[in-house]
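Please consider the structure shown below.

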Amino acid sequence: MAERERHDYVAGEVLTAARLDAMPGGWIGYLQSTSNQTGITTETDITGLSGLTVTLEANRLYRVSAEFTIESATKNERATVKLYKGTDLIVQRPIPFPAYPDLEARTTAHISRLVTSLDGDFTFKVTMQREFIASLSVIANSNAPATLIVEDLGAV
C-alpha cells in the first residue's frame, strides 16, 4: 500500500508551487451518455463511454471510473465490464444480476481503478459483454446517465 504524509499547513507558511502541484486536480475528463444501447452479446464498446482522451502527467495518481445501468433479458446472467487505457486492459469486473422474480433484471455497474501514468495523451474506453446466453442493454437517460470519468488525485 502506498502512503504519503499529509502536510499540516500553519499560519504564515509560504505556499510553494511544489506544494500546489502536489494537490489533487479534480476531474480532468468525463463522458456522459443518455442513450440506451441494446443487443450486446460479444465485447462491445459502450456508446458514449468510449474515446475519452486526456493528458496525464507522470508521478500522479488517477482514478478512472464508470457507472451505468445494465438490463438483461433473463435474471440468470452476468455481464463482464472492462476499462481500457489505450489498448491496455486496466480492470475487468463481473457484474451479476439479482434474482428478481420477473423475466428481466437490472443492476448498476460501477467499475474503477487507480492508475499512475507516464506523460502523454491517453484514450479511455468502457466495454461490456455477456457471460452466458442473454442479450444485454445499457439503460441511460437524463436522470440516470452512463458516465466515464478520469480524476487527478494528486502527486504520488
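A salt bridge is a side-chain nitrogen of Lys or Arg within 4 Å of a carboxyl oxygen of Asp or Glu. The model is a predicted one, in which local features need pLDDT of at least 70 and side-chain atom pairs count only at pLDDT 80 or more, while totals for chains, interfaces and linings use all residues. Residues are numbered from 1 along each chain as its sequence is written, and side-chain values use heavy atoms, with hydrogens and water left out.

Six salt bridges are found in the whole structure. One of them joins Arg63 to Glu151, with the closest N and O atoms 2.9 Å apart. Arg63 lies in strand β4 and Glu151 in strand β10, so this pair ties together parts that are 88 residues apart in sequence. Strands here are DSSP runs (E, at least two residues), numbered from the N terminus. Arg63 is partly exposed, with a relative accessible area of 32%; buried means under 20%, exposed over 50%, and partly exposed in between (1.4 Å probe, protein chains only).

Another salt bridge links Glu71 and Arg106, whose closest N and O atoms are 2.8 Å apart. Glu71 belongs to strand β4 and Arg106 to strand β7, 35 residues apart. Glu71 is buried at 15% relative accessible area, whereas Arg106 is partly exposed at 43%.

Strand β10, residues 146–155, also holds Asp152. This residue is buried, with a relative accessible area of 8%. Beyond its neighbours within four places in sequence, Asp152 is in contact (heavy atoms within 4.5 Å) with residues including Pro24, Arg60 and Tyr62.

Definitions and conventions:
Helices (H or I, at least four residues) and strands (E, at least two) are DSSP runs, numbered from the N terminus.
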